[in-house]
Each structure stands twice: as C-alpha cells, then as structure tokens.
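Subject: Handover of a structure, with findings

Dear colleague,

I am handing over to you the structure shown below. Please read the notes that follow with the structure open beside them.

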Amino acid sequence: MGLLKIALLQIVPCDTLQGNLEKGMEYCKRAGTLGADIALFPEMWSNGYNIYNRPLEEWTAEAIASNSDFVNTFRKLAREQNMAIGITLLERHKKGISNTFILFDRFGEQKFVYRKVHTCDFGVERNLMPGDDFYVAILNTALGEINVGAMICYDREFPESARILMLKGAELILVPNACPMEINRLSQLRARAYENMLAIATCNYPETVPDCNGGSSVFDGVAYLSEMEGSRDTCLLQADGQEGIYMAKLDVEQLRHYRQREVHGNAYRHPSKYTLLFDTKRKDPFIRKDYRE
C-alpha cells in the first residue's frame with residue numbers, strides 16, 4: 001500500500017444548509033483533483049457547529065436525517081470522486097438529536113454512522129443525545145484497505161476513546177473538531193497516536209470561525225524507526241489558521257510494520273488490573289459535578 005492521501009477541509013461554514021452543501025461539494029471536488037483518498041470535514045458541518053448563543057428550539061430545528069438529501073449528496077460525490085468522504089452533521093433521529101459523523105467509502109457505501117459519545121455536557125451539547133459505541137470499518141481505497149475509526153472533538157479528552165478504537169483494530173482515527181487547537185489539545189492527539197500506535201487525522205475550523213483557530217493535524221504514531229537514533233516527530237501535518245485544504249500523506253505500510261515490532265498499543269496491557277475503570281458507582285469528591293445528575 002502506498003501513501004494514503006488525507007485531505008483536511010479546514011473551511012469556513014456558510015449561514016445556511018444549502019450554502020454548506022454547495023461549499024462542501026466544491027471543496028470535496030478540489031480534494032479529489034488533488035488526489036485525496038479521504039476528505040474529512042470539521043465538526044457538525046451541516047450547520048457549522050452554530051449552536052451557541054442561540055435559542056435551543058432554533059438550532060435544534062436545523063437537525064437533519066442521516067438519509068437526507070444533504071448527506072446523500074456526499075454519498076454520491078464520494079462515488080463520483082472515487083474518494084472516501086467523512087461528512088458531519090447535526091442529526092435528527094428516532095432517539096433525539098446528535099452530533100454525528102458519517103463515513104462513505106469511494107464507492108459511496110456507508111461504512112458507519114458515529115454519534116459523539118462524549119458530548120460537551122458542560123455546555124449546550126447537554127441537549128444532544130450521546131452515541132453508545134465506537135466503530136471501526138474496513139475502508140477500501142484506491143491504494144488498498146485500511147481500518148478506520150472515528151471520534152469527535154471532546155472524545156479526544158478521554159484516553160478510552162482511542163484505546164477502544166485501537167482494540168477494535170483501527171489503524172487510522174478520523175476526528176472532526178470545533179475548538180481551539182492549542183498545545184494541550186494537540187498534545188492529547190499526539191499522545192493518543194503514540195500510545196495506541198495508530199494515525200490520527202483531525203480537521204478543525206479556521207481561525208475566522210468563533211472559538212476555533214485552525215491547527216488541523218495528522219499524527220502517524222510512528223515514534224521510532226530502526227534507521228534513526230532516538231525518536232522522531234510523529235506530526236505529519238499541522239495547519240496554520242487559514243482556510244484551505246491541507247493534505248497529509250500517511251505511510252500505511254510503515255505504520256503496520258511499526259505496530260508489529262513495537263511495545264505500545266495492546267502489546268503489554270494488563271486489563272485485569274484496570275477494573276476500577278468500569279466502576280460506575282465510584283464518586284471522586286474532587287471531580288466536577290456531572291451536569292446530568
């Protein structure tokens with residue numbers, strides 16, 4: 001398998017669903033022209049993550065179905081461009097409204113619908129229905145197959161998100177995002193890639209979008225190479241704050257060889273010693289109170 005080309009669509013949203021549809025199509029076509037194998041949108045592209053400082057009934061009315069014309073347009077576009085597309089939306093479904101990511105392969109086949117598990121319940125996202133699982137799918141690309149999973153923005157704050165995706169076989173995690181990507185959050189992504197021996201591609205909104213600053217990134221997780229002394233920088237790409245398409249080339253074979261010989265990921269874990277992680281009744285007095293209680 002050659003170098004997998006990942007296009008991060010770090011772009012400014014429009015004021016309407018139709019505007020975001022048209023702009024999203026335009027940038028996907030540009031990414032296809034650049035030879036991208038995967039195009040990734042920032043978080044909740046259908047309405048530009050425009051849910052703060054607005055009446056609840058106003059922004060929830062903008063939720064759309066996973067089989068809406070908006071979503072199906074990107075399904076068709078993936079097939080036309082021979083390119084996987086990770087589209088994001090404010091989704092309305094039977095159980096409620098969710099912050100959702102849908103991955104289509106280059107044939108337009110839906111690989112999974114992922115709903116953000118760790119919703120930001122300290123803010124207006126407390127009104128969203130969190131997802132109940134993490135998914136990994138075999139993604140067919142022009143270069144071959146790769147195991148792809150997803151998490152969304154705040155999921156990054158929890159090591160368990162990337163760990164469960166690794167245990168399910170993920171080689172690449174796609175992360176739509178909508179927040180300032182400062183040094184600590186970038187360090188989280190770097191750590192998740194390093195400790196799980198996988199690649200993480202994150203797409204953020206540019207700096208002209210409120211509470212965002214660009215900084216979309218790709219970390220390949222390969223910290224050590226036999227021909228190098230010491231460690232290497234796992235950052236393949238870190239965008240600036242400007243709007244644009246940022247392309248990274250991921251050496252999948254290098255990553256797979258690394259996973260076979262190195263000591264991280266699942267190599268030397270002791271799951272029987274982590275039972276406290278599953279104790280849902282334990283309360284820590286120093287932890288901020290759960291808004292849902």
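Glu-171 is buried, since its relative accessible area is 8%. Please bear in mind throughout that the model is a predicted one.

Apart from its neighbours within four places in sequence, Glu-171 is in contact with Ile-146, Asn-147, Leu-198, Ala-199, Leu-255, Arg-256 and Arg-259. With one of these, Arg-256, the side chain of Glu-171 makes a polar contact of 2.5 Å. Met-197 is 26 residues away from Glu-171 along the chain, yet their C-alpha atoms are separated by 7.9 Å.

How many of the residues of β8 are buried? Five of its five residues are, so that the strand is mostly covered. Leu-172, Leu-174 and Pro-176 point one way from β8, while Ile-173 and Val-175 point the other way; all are buried.

Together with helix α5 (residues 183-196), β8 and β9 make a β-α-β unit that is right-handed.

Helix α5 also contains Asn-184. Is Asn-184 buried or exposed? Asn-184 counts as exposed because its relative accessibility is 52%, and exposed residues are those over 50%. In sequence, Asn-184 and Met-166 are 18 residues apart; in space, their C-alpha atoms are 22 Å apart.

I turn next to the aromatic residues. The count of aromatic pairs in the model comes to 11. One of them is formed by Tyr-49 and Tyr-52, a tilted pair with 6.0 Å centre to centre and 40° between the planes. Tyr-49 is buried, with a relative accessible area of 13%, whereas Tyr-52 is partly exposed at 34%.

Phe-70 and Phe-74 form another aromatic pair, which is edge-to-face, with 5.3 Å centre to centre and 65° between the planes. Why are these two residues about one helical turn apart? They are four residues apart in helix α3 (residues 69-81), and therefore about one helical turn separates them. Phe-70 is buried, with a relative accessible area of 3%, and Phe-74 likewise counts as buried, at 0% relative accessibility. Both residues belong to one aromatic cluster, formed by Phe-41, Trp-45, Phe-70, Phe-74 and Tyr-205.

A ring also takes part in one further arrangement. The charged end of Arg-30 sits over the ring of Tyr-27, at 4.5 Å from the centre of that ring.

Yours sincerely

Note on methods
Residues numbered from 1 in each chain as written. Predicted model: local features only at pLDDT ≥ 70, side-chain atom pairs only at ≥ 80, totals over all residues. Heavy atoms only, no water. Buried < 20%, exposed > 50% of the residue type's maximum accessible area, 1.4 Å probe, protein only. Contact = heavy atoms within 4.5 Å. Polar contact = N/O pair within 3.5 Å; in protein donor to acceptor, adjacent residues only side chain to side chain. Phe/Tyr/Trp six-rings, centres within 6.5 Å; stacked < 30°, edge-to-face > 60°. Lys NZ or Arg CZ within 6 Å of the ring centre and 35° of its normal. Right-handed = clockwise from strand over helix to strand, strands pointing away.
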